[in-house]
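I wrote each one down as I went, starting with single residues and ending with the whole chain.

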Amino acid sequence: MQREYIKIITPTRKILSLLSLTSIANALPGEFVRIHRSFIINMRHIDEVQSNEVLIGEDLYPISRNYREEFFKKLGDRKLL
């Protein structure tokens, strides 16, 4: 029954929250970017971008069409983060 919850994964722990992904996205600093309706990532932790996926550690996260343009724009500006 985790449908209403979001999972926040940090290097040290996992947190379940009832906040919406949109409200969290609006509160996060600029190094975070939404890449899918289900995922927000920290640009500083990207290990590799593979076609339509982002590799962070051993996990692959999809980049959806709706968020692709914003992600690649921020990726191009990554040196500014």
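Entry 1, Val49. I looked up Val49 and found its place in strand 5, in a model that is predicted. Leaving aside residues up to four places away in sequence, I listed what Val49 touches, and the list reads Ile63, Phe71, Phe72 and Leu75. For one of these, Phe72, I also noted the separation, which is 23 residues in sequence and 9.9 Å in space, taken from C-alpha to C-alpha.

I moved on to Ser51, which is found in the loop between strand 5 and strand 6, the latter covering residues 53-56. Is Ser51 buried or exposed? I noted it as exposed, because its relative accessible area is 59% and the cut-off for that word is over 50%. I also checked the backbone here and wrote down that Ser51 has a positive phi of about 50°, although this residue is not a glycine.

I placed His45 in the loop that runs between strand 4 and strand 5, where strand 5 is residues 48-50.

I found Ala25 in helix 1, and with 29% relative accessibility Ala25 counts as partly exposed. From Ala25 to Lys14 I noted eleven residues in sequence and 17 Å in space between the C-alpha atoms. Arg65 has its place in helix 2, which covers residues 65-76, and at 80% relative accessibility Arg65 counts as exposed. Between Arg65 and Leu19 I wrote down 46 residues in sequence and 24 Å in space, again C-alpha to C-alpha.

I next asked how much space lies in the largest pocket, and the value is about 810 Å³. I counted 22 residues in its lining, and those that lie nearest the centre are Lys7, Ile8, Ile9, Ile40 and Ile41. Which elements each supply at least two residues of this lining? I noted strand 1 (6-9), helix 1 (21-27), strand 4 (39-42) and strand 7 (59-62). Sorted by kind, the lining residues divide into 13 nonpolar, five polar and four charged.

I ended by stepping back to the secondary structure of the chain, which comes to two helices and seven strands. Read from the N terminus on, the elements follow the order β-β-α-β-β-β-β-β-α. The radius of gyration is 13 Å, close to the 12 Å that the globule rule gives for 81 residues, so I noted that the chain is as compact as a globular protein of that length. Along its principal axes, the C-alpha trace spans about 35 × 25 × 25 Å. I also wrote down that 23% of the 81 residues count as buried, and that the chain exposes about 6200 Å², of which carbon and sulfur atoms supply 50%. Last, I looked at contacts between residues at least 6 apart in sequence, and 29% of these join residues at least 24 apart.

Methods: Residues are numbered from 1 along each chain as its sequence is written. This is a predicted model: local features need pLDDT of at least 70, side-chain atom pairs count only at pLDDT 80 or more; totals for chains, interfaces and linings use all residues. Side-chain values use heavy atoms; hydrogens and water are left out. On a 1 Å grid over the protein atoms alone, a cavity is a set of points where a 1.4 Å probe fits but cannot get out, and a pocket is an open set with protein on both sides within 12 Å along at least five of seven lines; lining residues have an atom within 4 Å of a point. Grid points are joined across faces, edges and corners, and a volume is the space filled by probe spheres set on the points. Helices (H or I, at least four residues) and strands (E, at least two) are DSSP runs, numbered from the N terminus. Ala, Val, Leu, Ile, Met, Phe, Trp, Tyr, Cys and Pro count as nonpolar, Asp, Glu, Lys and Arg as charged, and the others, Gly among them, as polar. The radius of gyration is taken over C-alpha atoms; the globule rule is 2.2 Å times the number of residues to the power 0.38. Buried means under 20% relative accessible area, exposed over 50%, partly exposed in between (1.4 Å probe, protein chains only). Contact means heavy atoms within 4.5 Å. Accessible areas come from the Shrake-Rupley method with a 1.4 Å probe; for residues, only the protein chains shown count as cover.
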